[in-house]
Each structure stands twice: as structure tokens, then as C-alpha cells.
Amino acid sequence: MSKLLTFFLYGLGMAVICLLLAWGKPPKVVGLFVVSGLAVGSLYALGGIGLVVLYRATGVLNFANGAIGAFGVMLAWQLGEWGWPGPVTWTLGILAAASLSLGYGRYLAPALAWRDTVVKAVATLGFALIVLGLTAFLWEDDVRRFVLPTDKQAVMVMGLRVTVTRLIVVLAAVGIVVGIWLYLARTRTGLQMRALADDRDLAALIGVRILRVETIAWGLSGLIAGFTGLMFGDLIRLEPFVITFLVIPSIAAAICGRLENLILVLVGGLSIGVVESLLTLSPLLKSFRPMAPFLIAAIVLIWMQRGQKLVFARD
């Protein structure tokens, strides 16, 4: 009941905030900003989902997700500039991101497996700087555009023109949540990931192949990061530094789900995106847009704590 109450109050609070921000504005204008916010929020949610999947299986809060996605989309852009077919460039970009994540998870992360949570998180931050440095070395800072064919296609939703790309991002966020939930609940590897999340030592004693399971988790996280990077480069901006810092609102979305509940991560990401977008409508409040993820995450943390000690460290 407590979780349902929290979910209800969170939804009610976000609805009230959105209504206040949209008060007195033309409905069509508000609708356009809501659609844009849902698309951006889906990217935040996707980033948060990748973080949560990895954290639940390994105990690592991966700050390198954004940098990995940035490298993937830059590679896809470069291959496209060389005339490679679109589907090939997108696939290779996502696979490149997954390979970076797998490489770290297979060869570097195991050496830190028994270190404190903070140490493991800081190590991923160092990896993020390495990947970002490599990306900056390969591609000089310049104005670029990453365009998908679906940008020119649109559908009408409640009288609003919505590009297929935005629709794909929102549906992908929902689909990935459902897919990962089914994977964790119905597959052997998914059950092993849940066992690791509950008790790493006990999972090892009952025969769970920890290195194999954690490597799969790193791969899944990398695939999600690669896809998120492609969509971010198309919908927002093709700039490695900007995409790298996508991890910040993604962490806020993950915190909304307390680093464990994928549905709440999705809701948190979507609500952060919509609130950010609607803040643009207010001349007085639009300068507070960058603060929105942190404020929402802080409110969620304060509510969840309510007199008890709230920690994210793994035993």
C-alpha cells in the first residue's frame, strides 16, 4: 500500500506542477511542449534503465553511460558521412557502445568487485573521461547533424503532429521496461541477476557464474546506452560533451525508482522531461530548467526516507 501511495502522490504532484506551468498557455502550444518533453524524458528514462539494470546485477553505478553512448553515435555519424548504409551505421554504433561497456565490465570491473560502491562509481567516471578524451581526439569539436529517416515522417496524435522518431523513443522506453522485466522474471540469466542483486556471496555459493552474469549485464547496459546515444544525437544535439552529461538526468530518473524499480524509473524520466520542457514556457522559471532533475530526485529521496536511513550501498 505504501508503494502505491507513493506512486499516486508522485503522479499527482507532477500533474499539479505541469498544470501550473501550463496555466494560461494555448493548448496546442502546451501539447507541443509536452510531446517534446515526453521524447526527451524517454531518453532520460532509457539512460536510467541502463543504470538500474547494471546496478541491480553488479552494484556499479555507471557514470560512463553517457560517454559510451556519445562514442557510439559519433561513430554512426562518421560511417554515414563515408556513405555507409543507414541501418549498418546505426547497428555498428550501438554495437561499438556495447563493446566499450563489455570491455570495461569484463576486464576492469572484476578487479574492483569487492571494493566500496563509491570506489566502483568513481572508476567508471575515470573510464568516462577516457572514452570522452578518445572521442574528442577522433572528432574535433564542430557543428554536426545526425539525422534519421523517421525525422521526416509524422503521425497525428490528438491533433498534434508527432515525428516518428519521437514516437519510437517513447515506445522504445516502454518496450525496454517490459522486455527487461520479462527477461529478469522469466529467464535463467535474469533470475541469476536478481540473485546477485539480493546477495552476491550467497549467489556464488549456490553456483551462479558471477563473471558471466555480470558481463551480460554490462552488455545490456551498453546496448541501451548506444541506442540512447543515437536518439539523443538526433533529437537534441550531436555533441559528445552534451551527450556525456546525459548521465546526470538519467541518474535522477534512476533515483526516482530508487535504483531498483524500472517502472518508477520510466515514470521519473518522463516526468522530468515534461517538467523541463514546460519550464521553457515561463519567462521567470525557464532558467531553472537544468535544476529540475535534481529537485525532483531530491523530493523523491526525502519522501522515501521519511525518518528511516536510506542508502544505496550494497552489502
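On a 1 Å grid over the protein atoms alone, a cavity is a set of points where a 1.4 Å probe fits but cannot get out, and its lining residues have an atom within 4 Å of a point; its volume is the space filled by probe spheres set on the points, which are joined across faces, edges and corners. This is a predicted model, in which local features need pLDDT of at least 70, side-chain atom pairs count only at pLDDT 80 or more, and totals for chains, interfaces and linings use all residues. Residues are numbered from 1 along each chain as its sequence is written, and side-chain values use heavy atoms, with hydrogens and water left out.

Of its 315 residues, 49% are buried, meaning under 20% relative accessible area with a 1.4 Å probe and protein chains only.

To find the largest cavity, select G47, L51, N65, G66, G69, A225, T228, G229, I243, L246, V247 and S250, which line it. Then colour α2 (27-58), α3 (65-81), α9 (210-235) and α11 (247-256), each of which supplies at least two residues of this lining.

Finally, colour the lining of the largest cavity by class: 5 residues are nonpolar, 7 are polar and none is charged, where Ala, Val, Leu, Ile, Met, Phe, Trp, Tyr, Cys and Pro count as nonpolar, Asp, Glu, Lys and Arg as charged, and the others, Gly among them, as polar.

How values were computed. 1 Å grid on protein atoms, 1.4 Å probe; cavity = no way out; pocket = protein on both sides within 12 Å on 5 of 7 lines; lining within 4 Å. Helix = DSSP H or I, 4+ residues; strand = E, 2+ residues; numbered from the N terminus. Buried < 20%, exposed > 50% of the residue type's maximum accessible area, 1.4 Å probe, protein only.
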